[in-house]
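Here is my note on the model you asked me to look over. Please read it with the structure open beside you.

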Amino acid sequence: MENGIAIEVKNLTKSYKLYDKPMDRLKDSLGLAKKRKFKEHLALNNVNLSVKKGETVGIIGTNGSGKSTILKIITGVLTPTSGEVNVDGHISALLELGAGFNMEYNGIDNIYLNGMMIGFSEDEITKRLDSILEFADIGDYVYQPVKTYSSGMFVRLAFAVAINIDPEILIVDEALSVGDVFFQAKCYHKFEEFKNQGKTILFVSHDLSSISKYCDRAVLLNQGVLLGEGTPKEMIDIYKQVLVGQYPLPSSDVKSLLDDDEVRNAAASASDRAKEKASAKAANELNGNNAIRSANGENQGDASVKNPDTLEYGDGAAVIEEFYATDSTGMRSNSIIKGTDFAVHMKVKFNRDVAAPIFAFTFKNIMGIEITGTNSMVEKAFLEPVKAGDVKEISFTQNMSLQGGEYLISFGVTGFEKDNFTVYHRLYDALNITVVSDKNTVGYYDMNSKCEVKDAKNDNK
């Protein structure tokens with residue numbers, strides 16, 4: 001393994017046999033089955049991945065994409081069907097609740113049990129015991145069997161053990177979604193400490209904001225295939241396309257006929273494919289309407305700054321033909337003064353009948369973290385059907401309370417068809433907005449507080 005690499009996964013495959021009936025499983029295990037009685041399910045299909053020392057990498061994907069499976073193989077909980085995993089460093093892992101804990105033992109016993117399983121001596125664990133108990137903060141329950149713990153208490157203890165034994169590599173699988181808000185804040189503060197200390201972190205989360213905030217890089221898995229890896233922003237945008245079924249994927253039937261090389265080619269880097277799509281976008285006509293040409297602001301008097309690398313997709317039922325922002329004077333502008341009113345606009349043409357379209361916009365910061373947004377359904381502003389050929393002009397007016405800085409606005413037209421969420425047209429990170437401010441407070445938003453200081457009444461007079 002190369003120097004500077006903490007985790008290296010090569011050609012990793014994990015397959016399971018799925019049986020229709022328990023008897024078929026029994027016959028197969030005894031060698032009595034006359035013909036194949038199972039279907040092979042590839043939880044991971046020829047995955048290659050490297051994680052550098054000191055890097056924080058997030059793994060995202062839909063349920064059943066192989067996220068937890070790859071973590072379990074890296075930590076040694078599962079054995080791969082083929083391929084290899086090399087790890088350079090001391091691993092501490094926090095997988096699903098219950099992993100590595102004996103339900104009959106009390107908390108103290110499980111601390112020692114877990115520490116020894118990881119490779120620490122009893123004396124080393126004893127030196128860390130006070131820090132573990134302080135972080136877990138479950139009081140005298142630590143002397144009770146863990147089978148009596150609530151899920152919140154359980155994860156407090158498990159995370160306290162994992163985080164306080166000074167690992168070189170920390171692996172976490174969705175565990176931070178358990179526990180109260182104060183404990184979650186403490187866990188994320190520990191994440192920050194680990195990053196600052198140059199530790200390696202690999203974690204799975206459905207919290208895309210956490211992926212954007214903490215990760216140097218994100219990996220996207222889908223149906224056991226490594227679909228892409230790149231910046232969190234790139235992978236989250238692609239992941240959202242996968243969620244609504246509008247990212248081109250090889251079908252499961254096709255994939256079963258492909259050899260490993262063809263599967264890798266079919267699931268080529270998502271970031272490369274996104275770039276190819278962006279470069280071809282200018283020439284793309286959607287149902288006879290050059291959506292990007294008009295949406296990119298080739299309109300007289302439009303001073304807005306548009307993103308040439310806007311990510312666009314949809315089924316074509318609607319086209320966002322134009323989008324822009326206006327300042328408090330009603331002029332088109334990408335510079336908004338903090339504390340003033342402004343509006344976000346889009347013009348949408350419909351290419352077929354839609355029962356109840358939803359118009360939406362979202363603000364992101366330059367790290368890709370979604371800050372705020374709304375839509376016409378939430379605002380109860382438009383709940384009507386539209387006809388093919390209809391053109392709607394939509395505006396959202398509000399006061400600018402974001403801190404000074406650079407932001408990107410995404411636009412969307414979606415709806416529900418037979419209870420299925422459908423994307424008609426989306427433009428991700430399409431419009432740049434600069435918030436101009438001479439007073440930045442803490443965080444993303446200004447609370448617009450009114451501060452008053454006065455002399456206290458002296459009751460002794």
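The points below go from the whole chain to single sites.

1. This is a predicted model, in which local features need pLDDT of at least 70 and side-chain atom pairs count only at pLDDT 80 or more, while totals for chains, interfaces and linings use all residues. Residues are numbered from 1 along each chain as its sequence is written, and side-chain values use heavy atoms, with hydrogens and water left out.

2. The protein has twelve helices and 19 strands, where helices (H or I, at least four residues) and strands (E, at least two) are DSSP runs numbered from the N terminus. Of its 461 residues, 46% are buried; buried means under 20% relative accessible area, exposed over 50%, and partly exposed in between, with a 1.4 Å probe and protein chains only. Among contacts (heavy atoms within 4.5 Å) between residues at least 6 apart in sequence, 72% join residues at least 24 apart. The accessible surface comes to about 23700 Å², of which 49% belongs to carbon and sulfur atoms; such areas come from the Shrake-Rupley method with a 1.4 Å probe, and for residues only the protein chains shown count as cover.

3. A search of the whole structure finds 18 salt bridges, each defined as a side-chain nitrogen of Lys or Arg within 4 Å of a carboxyl oxygen of Asp or Glu. In one of them the side chains of Lys364 and Asp237 meet at 2.9 Å, N to O. Lys364 lies in strand β15 (residues 358–365) and Asp237 in helix α8 (residues 232–243), so this pair ties together parts that are 127 residues apart in sequence. Both Lys364 and Asp237 are buried.

4. Glu322 forms a salt bridge with Lys347, with the closest N and O atoms 3.8 Å apart. Because Glu322 lies in strand β12 (residues 318–326) and Lys347 in strand β14 (residues 341–350), the pair ties together parts that are 25 residues apart in sequence. Glu322 counts as buried at 10% relative accessibility, whereas Lys347, at 25%, is partly exposed.

5. The side chains of Asp446 and Lys338 also meet in a salt bridge (3.0 Å, N to O). This pair links distant parts of the chain, with Asp446 in the segment after β19 (420–436) and Lys338 in the loop between β13 (335–337) and β14, 108 residues apart. Asp446 is buried, with a relative accessible area of 7%, and Lys338 counts as buried at 15%. Elsewhere, salt bridges that share partners join Lys233, Asp237, Lys364 and Asp429 into one network.

6. Helix α2 is mostly covered, since seven of its nine residues are buried, among them Ile70, Leu71 and Ile73. Just after α2, Gly76 takes a positive phi of about 90°. Pro80 is found in the loop between α2 (67–75) and β4 (82–87) and counts as partly exposed at 26% relative accessibility. Leaving aside residues up to four places away in sequence, Pro80 touches Leu12, Thr13, Lys14 and Ile73. The C-alpha atoms of Pro80 and Thr13 are separated by 6.1 Å, although the two are 67 residues apart along the chain.

7. Where does Ser210 lie, and is it buried or exposed? Ser210 lies in helix α7 (residues 208–214) and is buried, with a relative accessible area of 4%.
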